[in-house]
Amino acid sequence: MKINSAEFIISNSDVKKCPNEPLPEYAFIGRSNVGKSSLINMLTGKKSLAKTSSKPGKTQLINHFKINSNWYLVDLPGYGYAKVSKSTKAVFQKFITEYFEQREQLVCGFVLIDIRLEAQKIDLDFINYLGESQIPFCIIFTKADKIGKVKAQQNIAAYRKKLLAAGWEEIPQYFVTSSLESSGRDELLDFIDDINKQ
Ligand code: GDP
């Protein structure tokens, strides 16, 4: 897919105030510093569409970007556990779960994972939450340029093992990306394009 236009439309913290248009949405989420803003800028070819920063804990907003006038790229904030849970069950910030559970335009979520790190509990909890809620999603491994190809495959295999141990039958569809090298860009955009054409 060629990106002809990418424009910021609106930021808000209330799913009910998201754009009232029947366009397909693809939502990007992950822990702070995972490389989400860099990936969004790399995908759209706009250097500062999403704000990059090495500071964790940026503003908690749902950001809608309209791409090619026919789909939305949604930049969700870094997730964390909500402080309301008395049980051991992971509970995420309300507006994030409301977005995933209520947003009818959502076609697919993308959970970003830093390919260098061992599986983190919060990422696994979020992936399990999406699975249990039957919300379609893929994994995007980020920062692949920081490790070699062999190590990357080993880390993905370790991730798959963790997911199988958590009850998954197979690792969900995944992409390996580097914003520095623009790798994984065509695969991701073609994936989105193929769904939009269906
Ligand atoms: P966000 O908090 O998830 O939006 O993360 P950012 O996009 O702001 O990236 C966090 C840090 O990781 C920044 O210092 C980026 O320059 C760096 N970074 C992000 N993506 C990549 C990548 O693909 N390769 C490398 N080497 N660094 C990256």
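Mentor: Two strands are taken to pair if DSSP finds at least two bridges between them. The model is a predicted one, and its chain averages a pLDDT of 92, with 94% of the residues scoring at least 70. The model scores are an ipTM of 0.99 and a pTM of 0.95.

The sheet is open and has seven strands, in the order β1-β3-β4-β2-β5-β6-β7, with mixed pairing. At its edges stand β1 (6-12) and β7 (174-176), each of which pairs on one side only. From one strand to the next, the twist averages 25°.

Which residues make up β2, and how many of them are buried? The strand covers residues 25-30, and six of its six residues are buried. A residue is called buried here if 20 or more other C-beta atoms lie within 10 Å of its own. In a regular strand, side chains alternate between the two faces of the sheet. In β2 both faces are covered: one side carries Glu 25, Ala 27 and Ile 29, and the other carries Tyr 26, Phe 28 and Gly 30, all of them buried.

Pairing between strands of a sheet is made through backbone hydrogen bonds and may be parallel or antiparallel. Towards β4 (residues 71-75), β2 runs parallel and is joined by four bridges; one point of reference is Tyr 26, whose bridge partner in β4 is Leu 73. Towards β5, the pairing is again in the parallel sense, over six bridges, and here Gly 30 has Leu 112 as its bridge partner.

Let us follow the β4 side. Five of the five residues of β4 are buried, so this strand is largely enclosed by the rest of the structure. Trp 71, Leu 73 and Asp 75 point one way from β4, while Tyr 72 and Val 74 point the other way. The Leu 73 that pairs with Tyr 26 therefore belongs to a strand that is largely enclosed. Strand β3 (residues 62-67) pairs with β4 in the antiparallel sense over five bridges, and Lys 66 has Tyr 72 as its bridge partner in β4. β3 and β4 form a hairpin with three residues between them, and Asn 68 in its turn has a positive phi of about 50°. Most residues other than glycine have a negative phi.

What does Tyr 99 touch, apart from residues up to four places away in sequence? Its contacts are Val 15, Ala 27, Ile 62 and Leu 76. Ala 27 is one of the buried residues of β2. Tyr 99 itself lies in helix α2 (residues 94-102), and it is buried because 23 other C-beta atoms lie within 10 Å. The C-alpha atoms of Tyr 99 and Ser 13 are separated by 9.5 Å, although the two residues are 86 apart along the chain.

Just after α3, Gln 134 takes a positive phi of about 55°.

Lys 143 lies in the loop between β6 and α4 (149-165), and its phi is near 60°, a positive value in a residue other than glycine. Lys 143 is buried, because 22 other C-beta atoms lie within 10 Å.

Notes. Residues are numbered from 1 along each chain as its sequence is written. This is a predicted model: local features need pLDDT of at least 70, side-chain atom pairs count only at pLDDT 80 or more; totals for chains, interfaces and linings use all residues. Helices (H or I, at least four residues) and strands (E, at least two) are DSSP runs, numbered from the N terminus. Axes are lines fitted to C-alpha atoms, for helices over the stretch in contact, and angles run from 0 to 180 degrees between N-to-C directions. pLDDT is the predictor's confidence in each residue, from 0 to 100. A residue is buried if 20 or more other C-beta atoms lie within 10 Å of its own, exposed if 12 or fewer, and partly exposed in between; C-beta atoms are placed from the backbone. Two residues are in contact if their C-beta atoms, placed from the backbone, lie within 7 Å.
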